[in-house]
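Here is a short report on a protein model with more than one part to look at. Take a moment with the sequence and the structure before reading on.

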Amino acid sequence: MAGVLVRIRLAATDRTAVYHGLTYNGGGKGGLMRRLGELEAEIMDCLWRWNRPATVREVVDDINERRPVAYTTVMTVATILFNKGWLLRGKQGRAWLYTPVRSREAYSAALMEDALGASEDRPVALAHFVERMSEEEVAALRKALRTNGRQTKA
Amino acid sequence: MNAAPALMGYAVAIGYVAPQAMLRSSWPHRAPALAASVWHALAVSFAMSVALAAYQLASPTEHLHAGLVGILHSCGVVLSMGTGDPNTADLMAIALPVAVLLALLLSFAFHVARGRRARSRHRNVLDMVGRHCGQLHATVIEHASPAAYCLPGRRSRIVVSEGAVQLLSTDQLDAVLEHERAHVVGRHHLVFAAAEAFTTVFGRVPLARHAKEQTAILLEMIADDRALRRHSHDVLASAMYEMAAAHAPKGAFAAGGHSVSVRIQRLLGPRREAHPALWGCVAAAAVAVPLLPLLVAFCSPGHA
């Protein structure tokens, strides 16, 4: 029950934040959701680049070098990321310090595993460009390609 | 005389003999799109003949009906309304074929939904972790091993790893991305889901097993052909080789890798277009095959 309440409150703040900071781009609900997603990615990107715990203030200052964004908006989205399990936070004085739960490399590796995993049963990627081959097959193909290259040149 | 034996014979021919004939012929790799539609036509034809045979077997006007009810009875299925009741028989005659078709539809829906769920989960992480590259029109993920794949469907993504960007030349990378784009544009995930659905329902029949396998490789060839519209055979073949060679595990077990070999050999081999007459015949067969069971069912001698 408490969880539901928290979620509802979060949704409300989240919408307020959208109106405070992001409406200048307009574009219906889909547009707003996309802006929100982009801001999430931007915050994660900052923290991954710095590779150290950081406050919302620091993130806002960094983003403000490129475009204006409200402090409250970034704070709300950082809270969303914390609730989604992307960020850890700890109090330092009066401000929260945020840290990514996992490194960008760890997520990338997980994505690759998910998409290219050797399992027969993989509904994620339709098919990746090539699958694994044995060394003998690779050698045979190298030979075929070389022969073909010679023929093309001749 | 009932059409059920003829339909069952037809189903056996389509389910067991036709796949062998398809695998032995060489035209499918020259006309992959046509071949994929023939595999699907065979699947539809098989499903229809099974459904119609079920209908004929359970039909109350036929002798075999009594036999079927007897078999069910001996298997412990007790029909509450009694064996002689024409209502039950009517119900069975409709319910059996409907069940076959419903199973296929549900299985298709299941595979589509499962894929969509898995992709959306993947995309959520991808959008956070990957960097969209406007120049490539693709999402790049920081990973050293070269890879390229796509997430088809709504909000599709073309994904390429940093390793692949490093490994391939601009032309090669373009060809690879064009290949992936072809999957998305052609909605290949739905074509494959249909093949998967058929395999889930009729898994034991050779046609089902081969249809799924062949659909997968034919879809790759269709995407290859689309990439060839803008890039040379050599560029695509060498891109494929570079990616495959970088993937080869050292002394480890390599699973199911030969479809890449087949695809590269196809690109390097003599370029023979399928003859227009052959095209016409096969296309006509693809249209006719799903209709044949109906013909067998309703034009068989003695059909009341």
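Which residues have the most contacts inside the largest nonpolar core?

## The largest core

They are Ile43(A), Leu7(B), Leu42(B), Val159(B), Phe198(B), Leu207(B) and Met240(B), and the core has 115 residues. Helix H3 of chain B (residues 32-58) gives the largest share, 18 residues. At least three residues come from each of domain 1 (2-100) and domain 2 (104-153) of chain A. Those domain bounds come from an automatic or database domain assignment. A nonpolar core here is a set of buried Ala, Val, Leu, Ile, Met, Phe, Trp, Tyr and Cys residues joined through C-beta atoms within 7 Å. Buried means that 20 or more other C-beta atoms lie within 10 Å of a residue's own; exposed means 12 or fewer, and partly exposed is in between, with C-beta atoms placed from the backbone. In soluble globular proteins, nonpolar side chains tend to be buried together.

Now take Ile43(A). Leaving aside neighbours within four places in sequence, Ile43(A) is in contact with Val59(A), Val74(A), Val77(A), Ala78(A) and Leu81(A). Two residues are in contact if their C-beta atoms, placed from the backbone, lie within 7 Å.

## How to read the model

The model is predicted: local features need pLDDT of at least 70, side-chain atom pairs count only at pLDDT 80 or more, and totals for chains, interfaces and linings use all residues. Residues are numbered from 1 along each chain as its sequence is written, while chains are lettered from A and ligands numbered from 1 in the order in which they are written.

Chain B holds 13 helices and four strands. These are DSSP runs, numbered from the N terminus: helices are H or I with at least four residues, strands E with at least two. Of the 304 residues in chain B, 42% are buried. Take the contacts in chain B between residues at least 6 apart in sequence: 71% of them join residues at least 24 apart.

The contact between the chains takes 52 residues from chain B and 36 residues from chain A. H5(B) gives the most to the chain B side, with 10 residues. By class, that side has 28 nonpolar, 17 polar and seven charged residues. Ala, Val, Leu, Ile, Met, Phe, Trp, Tyr, Cys and Pro count as nonpolar; Asp, Glu, Lys and Arg count as charged; the others, Gly among them, are polar.

## Two crossing helices

How do H7(B) and H10(B) pack, and at what angle? The angle is about 90 degrees, with the axes 9 Å apart. H7(B) and H10(B) are therefore roughly perpendicular, a term for angles of 65 to 115 degrees. Axes are lines fitted to C-alpha atoms, for helices over the stretch in contact, and angles run from 0 to 180 degrees between N-to-C directions.

From H7(B), Asp171(B), Gln172(B), Ala175(B) and Val176(B) meet Val235(B), Leu236(B), Ser238(B), Ala239(B) and Glu242(B) of H10(B). This contact has five nonpolar, two polar and two charged residues.

## Two positive phi values

Most residues other than glycine have a negative phi. Asn51(A) has a positive phi, near 60 degrees. Asn51(A) sits in the loop between helix H2 (28-50) and helix H3 (56-64) of chain A. Asn51(A) counts as exposed because it has 11 C-beta neighbours inside 10 Å.

Arg155(B) is not a glycine either, and its phi is positive at about 50 degrees. Arg155(B) lies in the loop between E3 and strand E4 (157-161) of chain B. With 11 C-beta neighbours inside 10 Å, Arg155(B) counts as exposed.

Methods. Parallel < 35°, antiparallel > 145°, perpendicular 65-115°, else oblique.
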